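I opened my notebook to record a few look-ups in this structure.

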Amino acid sequence: MKKILLVNTNTEHAPYPVPPVGLCMLASRLEGKYEMQIYDGVFPGGTNLVDTVQRFKPDYIGFSIRNIDDVVADRQVFYVNAIIRDFIEPVKKATSIPVILGGSGFSIFPEELMKLAKADYGIIGEGIEVFPELVDELEKGNDPSYIPNVLTANSVKGPKKSIKLKHHEPWNGFSKIDKWVDFSPYRKRSAYPIQTKRGCSHGCVYCTYPLIEGKDFITRKASEIADEICEAKERLGDVTFEFVDSTFNDPEYHAENICSEIIKRKLKVRLRTMGINPMHTSDKLFELMIEAGFAQIDATPDTASEIMLKNMGKGFNLKEVKKMATLIRKFELPTMWFFLFGGPGEDMNTFQETIDFIDQYVSADDLVYMTAGLRIYPGTPLYTIALKEKRFSKGKSLLYPPYFYYSEKLNKESLDGLIRKAELQRPNCIPALETHPPAAMIAEAMEQRIAGNLTEPMFRTLLRIRKDWMAKEKQHHLR
Ligand code: B12
């Protein structure tokens with residue numbers, strides 16, 4: 001049987017280390033047909049990768065490139081050089097097996113990354129359908145460049161866009177993460193990721209999700225998702241399950257079906273999710289989510305200004321954002337809020353409208369992340385807006401340095417100043433630059449959680465400590 005090694009090149013530990021769910025899905029799909037192994041670089045970096053390659057002797061090697069940069073204008077961590085230096089180049093030096101690239105970061109900048117990494121093949125977008133097809137064609141000795149979403153070293157002339165693929169619905173998204181990678185180091189501060197669908201049909205101007213996942217929602221069966229959670233719980237015991245979909249409650253019926261299935265089976269699990277879409281919230285959804293075991297959610301309206309909701313292409317209105325906020329308070333669901341300032345047309349008034357919303361609707365125990373500047377990615381509506389505004393010329397690579405969009409009416413300095421002022425008056429509001437808590441704060445939080453047997457979301461513990469530290473610092477200055 002031919003062998004395939006899949007390599008997770010993501011070494012980022014903030015805000016917490018994330019298990020390579022996409023690679024595990026690929027491995028689970030291909031096992032049986034090929035002998036599969038995953039090298040998880042999160043904790044060792046690339047240190048023992050060449051040893052692994054020499055021992056396993058794969059016929060093909062796939063590298064997942066998830067993160068390009070950290071999307072924070074004032075930090076600008078760029079991951080790509082280290083990925084090539086520590087993972088891809090050492091393997092290329094040690095062997096001549098075909099190098100295949102994929103992953104969400106790769107899918108945003110496929111041509112640039114193919115060239116930089118001197119890769120043989122690349123797959124844009126989801127891999128579970130295309131990766132087996134690519135390997136089959138290579139096994140037959142065929143040129144695979146005709147396969148939708150596949151790039152080859154000889155056909156890197158772009159732009160080749162992510163093309164909608166036919167999934168064999170209902171599709172099997174089991175990742176069985178702990179079978180492929182050691183889950184124990186993830187237990188401390190991470191969660192078990194679950195993807196319940198692919199795709200995003202929304203049109204937020206800056207967002208890459210439709211480019212990576214396609215524009216249509218392609219859902220998994222609720223019963224299959226419950227099976228996956230149930231089996232993982234049996235193997236791993238007490239872990240938090242995190243939904244990693246673009247938005248959890250789209251389509252609305254899908255989120256409700258998943259919750260109902262979990263309730264029906266009495267799974268008694270701890271759940272959290274990324275983006276809740278304000279458009280599809282209701283008492284019914286929140287009741288089901290609480291009963292199913294949701295311990296926290298992320299609310300990502302980006303803005304609470306009617307004008308900016310429109311300019312950012314959010315597809316929902318302020319009334320719907322207020323409704324979501326009211327439901328969050330009613331059901332006392334711990335929430336991390338995310339606001340993104342500086343989009344097209346942002347000015348002092350629209351900024352203030354969002355701050356007023358925070359004051360009126362967001363609990364002081366909930367966290368508010370405030371980011372300034374929108375990272376521009378090729379293929380997004382914001383890219384077209386920026387081109388029209390002559391921010392840069394067509395063809396300019398936006399891979400590095402990352403380009404951040406700021407409204408013409410509110411420049412970077414003024415916006416940073418407004419955010420700083422808002423933060424000083426509201427201890428639960430945190431600018432993007434401070435979203436990685438210092439190691440000492442994390443250590444104190446872990447201590448408190450163990451000593452007090454705390455089950456509250458980690459962000460609540462961190463927020464309390466942050467408030468204590470801020471109060472102490474204030475007292476110190478007053479003395
Ligand atoms: C969920 C998510 C998070 C969650 C993760 C929670 C968790 N427990 O896993 C949280 C909120 C913690 C998070 C944090 C961050 N994230 Co994030 N995240 C996502 C999101 C929405 C989904 C990722 C995911 O799990 N998808 C589901 C799995 C199944 O899909 P997948 O891994 O992509 O794999 C499929 C394909 O990509 C492909 N594939 C994958 N690998 C390979 C390899 C080969 C060889 C092949 C052929 C195919 C292939 O096949 C797989 C199966 O179909 C993506 C956006 C998106 N829509 O992809 C952003 C995204 C990956 N995140 C991004 C970023 C930047 C970050 C942060 C750096 C932000 C920050 N400053 O903190 C951190 C980094 C965290 C870390 N430790 O790495 C960026 C990366 C691009 C960039 N600009 O660099 C993305 C693309 C969003 C964006 N801005 O466009 N994130």
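**Entry 1: helix H6 and what follows.** I started at Gly 141, which comes after H6 and has a positive phi, near 80°. The model I am reading is predicted. Next I asked how much of helix H6, residues 130–139, is covered. Seven of its ten residues are buried, so I noted the helix as mostly covered, with buried meaning under 20% relative accessible area. I listed the buried ones: Val 130, Phe 131, Pro 132, Leu 134, Val 135, Glu 137 and Leu 138.

**Entry 2: H2 against H3.** I turned to helix H2 (residues 49–56) and helix H3 (residues 80–94). At what angle do they pack? I read about 40°, with the axes 9 Å apart. That angle makes H2 oblique to H3. I also noted that H2 passes H3 in a right-handed crossing. From H2, the residues in contact are Leu 49, Val 50, Val 53 and Gln 54. From H3, they meet Phe 87, Pro 90, Val 91 and Ala 94. I sorted this contact by class: seven residues are nonpolar, one is polar and none is charged.

Entry 3: Most residues other than glycine have a negative phi, so I looked for exceptions. Lys 57 has a positive phi, near 50°. I found Lys 57 in the loop between H2 and S3. Is Lys 57 buried or exposed? Lys 57 is exposed, at a relative accessible area of 57%. Asp 302 also went on my page, with phi near 75°. Asp 302 lies in strand S12, residues 294–302.

**Entry 4: cis peptide bonds.** One runs from Asp 250 to Pro 251, with omega near -15°. Where does Pro 251 lie? I placed Pro 251 in the loop between strand S10 (240–243) and helix H11 (252–264). Another cis bond joins Tyr 400 and Pro 401, where omega is about -5°. Pro 401 sits in the loop between helix H16 (381–388) and strand S16 (404–405).

Terms used
Residues are numbered from 1 along each chain as its sequence is written. This is a predicted model: local features need pLDDT of at least 70, side-chain atom pairs count only at pLDDT 80 or more; totals for chains, interfaces and linings use all residues. Side-chain values use heavy atoms; hydrogens and water are left out. Axes are lines fitted to C-alpha atoms, for helices over the stretch in contact, and angles run from 0 to 180 degrees between N-to-C directions. Helices (H or I, at least four residues) and strands (E, at least two) are DSSP runs, numbered from the N terminus. Angles under 35 degrees count as roughly parallel, over 145 as roughly antiparallel, 65 to 115 as roughly perpendicular and the rest as oblique. A crossing is left-handed if the near helix is turned anticlockwise from the far one by less than a right angle, and right-handed if clockwise. Contact means heavy atoms within 4.5 Å. Ala, Val, Leu, Ile, Met, Phe, Trp, Tyr, Cys and Pro count as nonpolar, Asp, Glu, Lys and Arg as charged, and the others, Gly among them, as polar. Buried means under 20% relative accessible area, exposed over 50%, partly exposed in between (1.4 Å probe, protein chains only).
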